[in-house]
Amino acid sequence: MAGTRKAAVTVVLAALALTATACDNNDKPADKNAAPAAPTTAAAPATPSAAAPTGGAKPEKVSPAVFLEQVTQKTGAAKSAKVDELIQVGEITMKGQGAVSWADGLEADLTMDLSGSPMGKLLAPITGGPKAHYLYTKDAVFMGLGGELLQNSGPRWVRYTMADMAKASGGSTDQLQSADPVLGVRTLIAGGKVTEVGPETVNGKATTHYSGVLSAADLAKASTQGITQAQADRIKKGLDAAGITSEQVDVWVDADQLVVKRTEQAESKVGAVNVTANYSDYGTPVIAATPVDYIDLADLQKAAAGS
């Protein structure tokens, strides 16, 4: 029994370390045996232009940047949405589905399908399969348990705090950035190179497509707005470590000025990186309350040390 418990603890700790870094840039060089980070960048909230429209569809003779400033306001005011996300890094694929809220910080209830990633096999003994259920709260992340190794241990969730995530990912705690629809638009605006591609139908909706290619310098410059210099330096270092020199960001916006789809594309040391997020049901409730039956990562670490 002691050997089984020790094996379970080891698997959990390894899974948590990978999970914390799989969806975010970090300061460490890319590991070809683990899921590399999807490129996500932070940018300051757009400042509304005096010429910006007050509502409705985009009027004529309004620049893409001015219109997208309004999109950040309308999408931001919606506060939440359902999200369907696909992350591809080289031959590795991860899929996420659930709901995300940005009303007061980022919170989410997501199920990740990791069958196309090495993490799928790693997590299977403790989740019961290649899918993992996550609750993101303001202060921590909870991963659902269900595998045979831990089914009789009592707790149904493992909690790791912001400090745990920062330690596992080299200082970063913004794992939810890739699911935030407002952030993609703000990044596109901050880069200063957004263009209107034109009307396109996406997921059955009439939308307008906007696109921009940002260099690593553009991303670093945009990231310095609203965050500390240390954070900006860390983002730039992560891009350099991953071998990412530029990133293409595309967004599709409907007549209600809501983001319907966002994509990010880049080339890294381990292959092409493609992130696609589809959004629907804006205003949907997001239940990401702290579970009552969880065990702390710190307690698992103590158990591992005791074993």
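This is a predicted model: local features need pLDDT of at least 70, side-chain atom pairs count only at pLDDT 80 or more; totals for chains, interfaces and linings use all residues.
Local features need pLDDT of at least 70 and side-chain atom pairs count only at pLDDT 80 or more, while totals for chains, interfaces and linings use all residues. Residues are numbered from 1 along each chain as its sequence is written, and side-chain values use heavy atoms, with hydrogens and water left out.

Let's start with the rings. The structure holds four aromatic pairs (rings of Phe, Tyr and Trp, the latter by its six-membered ring, with centres within 6.5 Å; planes under 30 degrees apart are stacked, over 60 edge-to-face, the rest tilted).

Strands here are DSSP E runs of at least two residues and helices are H or I runs of at least four, numbered from the N terminus. W102 is buried at 11% relative accessibility, whereas Y282 is partly exposed at 21% (buried is under 20% relative accessible area, exposed over 50%, partly exposed in between, with a 1.4 Å probe and protein chains only).

Now for helix α3 (residues 118-127): its buried residues are M119, G120, L123, I126 and T127. They lie on the same side of α3 because they cover an arc of only 125 degrees around the axis, taken from the directions from the helix axis to the C-beta atoms. G128 follows α3 and has a positive phi, near 90 degrees.
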